[in-house]
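Reader: Before we discuss how the parts are put together, could you show me what we are looking at?

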Protein chains: 2
Amino acid sequence: MSFTLLKTSPNSAARLGLLRTDHGDIPTPIFMPVGTAASVKAVSPRDLREMDAKIILANTYHLHLRPGTPLIAKMGGIHKFCSWQGPVLTDSGGFQVWSLKELRKIKENGVEFRSHLDGSKHFFSPESVMQAQREIGADIIMAFDECTPYPSTIEQAQKSLDCTKRWTRTAKEWLSKNPPLHGYNQKFFGIIQGGTHEELRLQAIEELKQIEPDGYAIGGLSVGEPAEEMYKISALCTQHIPETHPRYIMGVGTPWNILELILRGLDMFDCVMPTRNARNGMLFTSKGVLHYKSAIHKESEAPIDENCTCYTCKNFSRAYLRHLIHSNELLVLQLASIHNLHFYLHLMQQAREKIAEGVFEEWAGEQIHCLNQHLLYYK
Amino acid sequence: MSFTLLKTSPNSAARLGLLRTDHGDIPTPIFMPVGTAASVKAVSPRDLREMDAKIILANTYHLHLRPGTPLIAKMGGIHKFCSWQGPVLTDSGGFQVWSLKELRKIKENGVEFRSHLDGSKHFFSPESVMQAQREIGADIIMAFDECTPYPSTIEQAQKSLDCTKRWTRTAKEWLSKNPPLHGYNQKFFGIIQGGTHEELRLQAIEELKQIEPDGYAIGGLSVGEPAEEMYKISALCTQHIPETHPRYIMGVGTPWNILELILRGLDMFDCVMPTRNARNGMLFTSKGVLHYKSAIHKESEAPIDENCTCYTCKNFSRAYLRHLIHSNELLVLQLASIHNLHFYLHLMQQAREKIAEGVFEEWAGEQIHCLNQHLLYYK
């Protein structure tokens, strides 16, 4: 097995693990910066290395449209293409095509959709998406799933889950007959659907156990349901996913969401929030959320976060960052993104340390309380 | 004197010098990356250091409007504000307010203008602009001038020059009574105006000699006149500026413009071209100009310039850069700007080496011919 469970917590489901890939080892719990189109927005690969990112994520849907996955294959795979030598995970595009709503039509054997860029017609099947992920060449690839909307009746959710189950089997079979293209192994993760229906989530896990994926992902959460519902379903899932396998919850979330989910036994996380919010003026700090466009920072010589060791905090004041964003200076997008990503990655590093020390629960409780504050009057 | 003339060329006016400031030494000829609003667009100070930038430029007009020069003073000066510890030069805002055309009114004692941002009314006088530059705290500050348009009659140009002459004296006197605010020296450069009228340019230089600035800048060129006219006026000026002083031509230009002007005895250059053109799709290479949006680079694994050692060329292909710009990915603005600035700075470094070796003229001739090619079919 490429996943080693190093430690479990006596007082919660939090756990410490190590996931090995041909491009490097990933300690868990881990946060994966999102590089949608083979670029973590506004951040260079060397910035990612400096902040000790262990793995990044890219989106098959976006890479299929631009530049096209055959081109990435021709360029030697995504690592070479974007100059990132560490591990990469690609999603399957299932969530993106599902999000297209009026632009897509779910069929028995896949999804027909129109590009959000130019309206051109495309078709994703479980096989074509595996082919695309073989071409991209990520270290971890995801099954093609059908996301269940929230809310959904049990009948709707069952129908949707049946689709995901069928497609996951098809994908696994296709992969067994079509080896990787770039000379290294690609792990296959299945996706658990089932909406907020507990019995369907358990059914999904039982089915996946038979398919024997390298890891289990929880999909279809963070799609509008209350956070408590997300935590409850996640906790239920981790009680039934084999503890020998990595557990990934897709597209979540805030720093406090992630800590709550580590407490419930999740190992892997990704979200556009650190980079997107950075560009929009919202920074995460050890004392809470800071809105750096605010006039209260106009003359502040303080860094964003006095406890932070990122490039931005070591070199720039809030006054300067505020000046840059009000002046539409591109540099601020880079500096703010670096800070927020560093914050997420450092939080995960601390989480691993606290789990190792056996004191995660108390620490996480304090952090969840603190990080969630909005520091409108922060001095 | 803070400027040392190290070597002159036997076959041209090209020369090697060293300009000392309290924030570091500047070897000449030198190119100064432009950081309009105290930020070189899309490029971080550590990127600037890595490409061995020796001095950067900022614009008093822009800093006056945002964030306001008193704020920069309060933050300890521009070096601390933008985390750049090397030398900085600020222009006087003369060119910017002149460019505002309908938004400004030139008066006896200064220029009344409206902000291009919000229409608010402002007034720049020779004294207020020196005050602003004291507050910003650049190592080299410029006299407030009145730019002469092209074309202009000799009467118009004389009137305009008289204004610059008067304001330059006023500025120098004001500076003598108002010492620097940040604990280090600020050199004062005068600006030579006179349009394309040779006798006026000579008159301007004679006047400046009496004022005894630390350096001489040529203003009012690259404002629409043919390049040959710019070269002719520049050559005339350098024949009359004392060789003991640094010579700066403002706002010029392409790599080949700069080599032509080094041949004519100029030492210092600045231009937004490397960063602006990088963002718009145009990259400079050792073989000519490359348009990286072009379809011909779609599958190219080659770097932008095989002879370039910048971060971008060492790590990324043309195919990747093309993908990024077509996908509106912010990273490309950073990578392309780094390349173009590195190209300019490296060209200046080579120029200094060639002057030192006494072979500048032949090398420059080849470069001028080569760099000016547009590589539409570049392979």
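**Domains, sheet and chain contact**

Author: In this predicted model, the centres of domain 1 of chain A and domain 2 of chain A, taken over C-alpha atoms, are separated by 27 Å.

Reader: Which element gives the most to the side of domain 1 of chain A that touches domain 2 of chain A?

Author: The domain assignment of chain A gives domain 1 as 3-271 and domain 2 as 280-371, and their contact takes 26 residues from domain 1 of chain A and 24 residues from domain 2 of chain A. On the side of domain 1 that touches domain 2, at least two residues each are supplied by β2, β4 (30-33), α1 (45-50) and α10 (255-263) of chain A. The most, six residues, is given to that side by α10(A).

Reader: How many nonpolar residues does the side of domain 1 of chain A that touches domain 2 of chain A have?

Author: Divided by class, the side of domain 1 of chain A that touches domain 2 of chain A has seven charged and three polar residues. The nonpolar residues on that side number 16.

Reader: Which strands stand at the edges of the open sheet of chain A, and why is one side of each left without a neighbour?

Author: The open sheet has three strands in the order β1-β2-β3 (chain A), with antiparallel pairing. Because each edge strand has a single partner strand, one side of each is left without a neighbour in the sheet, and the strands standing at the edges are β1 (3-8) and β3 (24-28) of chain A.

Reader: Which helix lies across β1, β2 and β3 of chain A?

Author: Within these strands, β2 (residues 15-21) of chain A is joined to β3(A) by five bridges, the two running antiparallel, and R20(A) stands opposite D25(A) in β3(A). The helix that lies across β1, β2 and β3 of chain A runs at about 125 degrees to β2(A), and is α14 (residues 331-357) of chain A.

Reader: Which element gives the largest share of the side of chain B that touches chain A?

Author: Of the interface residues of chain B, 100% are also interface residues in chain A, so the copies meet through the same surface. The contact takes 29 residues from each of chain B and chain A, and the elements giving two or more residues to the side of chain B are α3 (69-74), α4 (78-82), α13 (318-326) and α14 (331-357) of chain B. The largest share of that side, five residues, comes from α13(B).

Key
Residues numbered from 1 in each chain as written. Chains lettered and ligands numbered in written order. Predicted model: local features only at pLDDT ≥ 70, side-chain atom pairs only at ≥ 80, totals over all residues. Contact = placed C-beta atoms within 7 Å. Helix = DSSP H or I, 4+ residues; strand = E, 2+ residues; numbered from the N terminus. Pairing = 2+ DSSP bridges. Axes fitted to C-alpha atoms, helices over the stretch in contact; angles between N-to-C directions. Domains from an automatic or database assignment. Nonpolar A, V, L, I, M, F, W, Y, C, P; charged D, E, K, R; others polar.
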